[in-house]
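Please read them with the coordinates open.

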Amino acid sequence: MSSSRRSPSGLVDAPVQPAGLREVMSQFATGVIVLTVGGERIHGMTANAFTSVSLDPPTVLCCVSHGAVMHGAITAAGRFGVSVMGAGQEEQARYFADKNRPLGPQQFEEVDTFPGPSTGVPLLSGALGWLECEIAEAYESGDHSIFLSNVLSSSRGSVQDGLVFFSGRYFQGVRQTA
């Protein structure tokens with residue numbers, strides 16, 4: 001019979017429950033991006049499970065739930081865009097996080113976009129920066145896929161404050177420095 005034990009730091013040695021993990025991870029501030037896929041399964045999705053992996057070769061990763069519309073879109077396309085959201089783009093971040101927005105090309109009628117130079121994926125105007133990526137490897141992990149991807153193009157927008165997600169809320173004012 002196993003019982004929970006409390007460590008000197010107050011941590012409990014017990015199986016981790018999804019709600020507990022979500023609560024702890026909400027205390028980790030993250031940047032906000034919008035992933036986009038073009039083509040026949042055009043789609044956009046707000047995400048924060050994204051990071052740089054390597055500068056040489058340029059590699060990033062993103063994690064997408066198996067149940068998300070984006071999972072099927074990104075898997076089928078093999079390529080995607082990343083728009084790094086600025087402080088003034090909370091409305092767009094919320095829009096692409098809303099499961100009740102229109103799907104398909106209609107979801108992009110409400111936002112200003114431009115085609116990525118390498119892949120043509122829609123990228124959000126006014127972002128802090130943009131990447132176009134091609135999936136190199138995909139790994140299954142629990143209820144998500146981890147897409148390890150090569151960066152095909154990158155460009156930086158104007159210097160402005162960034163948009164951050166922390167404790168279930170958006171925050172503005174994380175300044176990029178030159």
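A polar contact is taken here as a pair of N or O atoms within 3.5 Å, of which, within protein, one must be able to donate a hydrogen and the other to accept it. The model is predicted, and the points below should be read with that in mind.

1. Gln107 lies in the loop between helix H3 (90-97) and strand S9 (113-115), and Gln107 counts as buried because its relative accessibility is 0%. Its side chain makes a polar contact of 3.2 Å with the side chain of His43, and another, of 3.0 Å, joins the side chains of Gln107 and Arg101.

2. In helix H2 (residues 69-77), the buried residues are Met70, His71, Ala73 and Ile74. The elements that cover them include strands S4 (33-37), S5 (43-47), S7 (58-65), S8 (79-84), S11 (129-141) and S12 (144-156). Just after H2, Gly78 takes a positive phi of about 75°.

3. With a disulfide defined as a pair of cysteine sulfur atoms within 2.5 Å, the count comes to 0 disulfides. Cys62 is in no disulfide, the nearest cysteine sulfur, that of Cys63, being 6.9 Å away; Cys62 is also buried, with a relative accessible area of 1%.

4. Cys133 counts as buried, at 0% relative accessibility.

Methods
Residues numbered from 1 in each chain as written. Predicted model: local features only at pLDDT ≥ 70, side-chain atom pairs only at ≥ 80, totals over all residues. Heavy atoms only, no water. Helix = DSSP H or I, 4+ residues; strand = E, 2+ residues; numbered from the N terminus. Buried < 20%, exposed > 50% of the residue type's maximum accessible area, 1.4 Å probe, protein only. Contact = heavy atoms within 4.5 Å.
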